[in-house]
Amino acid sequence: MRLLIGAALAVTLCAGVAWAQPQAPGPTLSAVKQRDILVCGTSTGSAGFSTPDSRGEYRGLDADLCRATAAAVLGDPAKVRWVPLIGTARLPALQAGQVDVLIRTTTWTQVRDTANGLNFTAVSFYDGQGFLLRKSLGLKKATDLQGASICVTAGSTNELNLADWARINKVDYRPVVFEQNDEARRSYLAGRCDAYSTDASQLAGLRSSFPSPEEHVILPDIISKEPHAPVVRHGDDQWFDIVRWTFFALLTAEELGITQANVEEQRNSPNPEVRRLLGLTGDHGPLMGLDRAWAYNAIKAVGNYGEVFERNLGMGSAVKLPRGLNDLWSRGGLMYAPPVR
């Protein structure tokens, strides 16, 4: 009898059938549902990632991931309270419970992941640190910045990376440090520093906002790995799963050709992968304490990952970044989602 039960259990697990009981809301999910609002930590302004528009609504890749999470959890992408955070305040705010999730161009590092009581969920954008400067300087590579003043943001991996890179390459430079990206941007434009160093994607976004972007160049040198990921607190695995799998749902939607425009039509698809993702079969939502339509709601709210990227950072946006490493694994990129099954 035990052998028969064990064999039946093995068949069930191998088949990926979701027979487990729906999960009760954990502490973070309970708090979010009770207030009926997702409190999302974001930046004070980062073009292409999270910056307020003329109506004060945050726009960008990170902002759309906040909306997707609100849609997955609460069924409504508008149920977001934005908490703009400077670099030095972002991790303490999450630790203190001031925000439910931090989705704010934050690099996944070993210390941040282990020493701060935080968990990084999944890489939402692969980046690397670069340098922005005026074309008139005539510099071609980063090591030409010998003796230069370089603007950088305090409390960031950029500040540490710059110091490491300069030490390794024996480049003497003068750091000009600011609390916020916007302060660094204004100071660079005012000529207080020769160059500005931060993640290359942010440099592209900044340059697109300049009065004369053609007068500025981003050097080809990339001096670091900067994997950005949404961050949650240690100790609430259910909430970790929700934030991570909401992002994976957007990736999977792109792989399957599901878009914001056709997601309703796709509910008629005979494809078992599509049907699982959209909540037509299986208990994948209830296993995280969510509605079966969690992924459908997220995709309906913001589209798939490719749509989110193109709208905010891609060649059709003001930033005009190629997909590169952020393309799907099937097209030479690094973006890869585990299966929903």
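Me: How many salt bridges does the rule count here?

Reply: In this predicted model, the count comes to 16 salt bridges.

Me: Why is the pair Arg 59 and Asp 53 called a salt bridge?

Reply: The criterion is a side-chain nitrogen of Lys or Arg within 4 Å of a carboxyl oxygen of Asp or Glu.

Me: Why is Arg 59 called partly exposed?

Reply: Partly exposed lies between the buried class, under 20%, and the exposed class, over 50%. Arg 59 has 36% relative accessibility and therefore counts as partly exposed.

Me: What makes Arg 185 and Asp 182 a salt bridge, and where do they lie?

Reply: Their N to O distance is 2.9 Å, and the limit is 4 Å, so the pair qualifies. Both residues lie in helix H7 (residues 181–189), 3 residues apart, about one turn of the helix. Asp 182, at 30% relative accessibility, is partly exposed.

Me: How many salt bridges are counted between domain 1 and domain 2?

Reply: The count between these domains is 0. Across their interface, however, 4 residue pairs are found in polar contact.

Me: What area do the two domains bury between them?

Reply: Domain 1 and domain 2 bury about 1,100 Å² between them, with 53% of it on carbon and sulfur atoms. Ile 86, Thr 88 and Thr 107 supply 28% of the area that domain 1 buries against domain 2.

Conventions: Residues are numbered from 1 along each chain as its sequence is written. This is a predicted model: local features need pLDDT of at least 70, side-chain atom pairs count only at pLDDT 80 or more; totals for chains, interfaces and linings use all residues. Side-chain values use heavy atoms; hydrogens and water are left out. Buried area is the accessible area (1.4 Å probe) that two parts lose on being put together, summed over both. A polar contact is a pair of N or O atoms within 3.5 Å; within protein, one must be able to donate a hydrogen and the other to accept it, and residues adjacent in sequence count only if both atoms are side-chain atoms. Buried means under 20% relative accessible area, exposed over 50%, partly exposed in between (1.4 Å probe, protein chains only). Helices (H or I, at least four residues) and strands (E, at least two) are DSSP runs, numbered from the N terminus.
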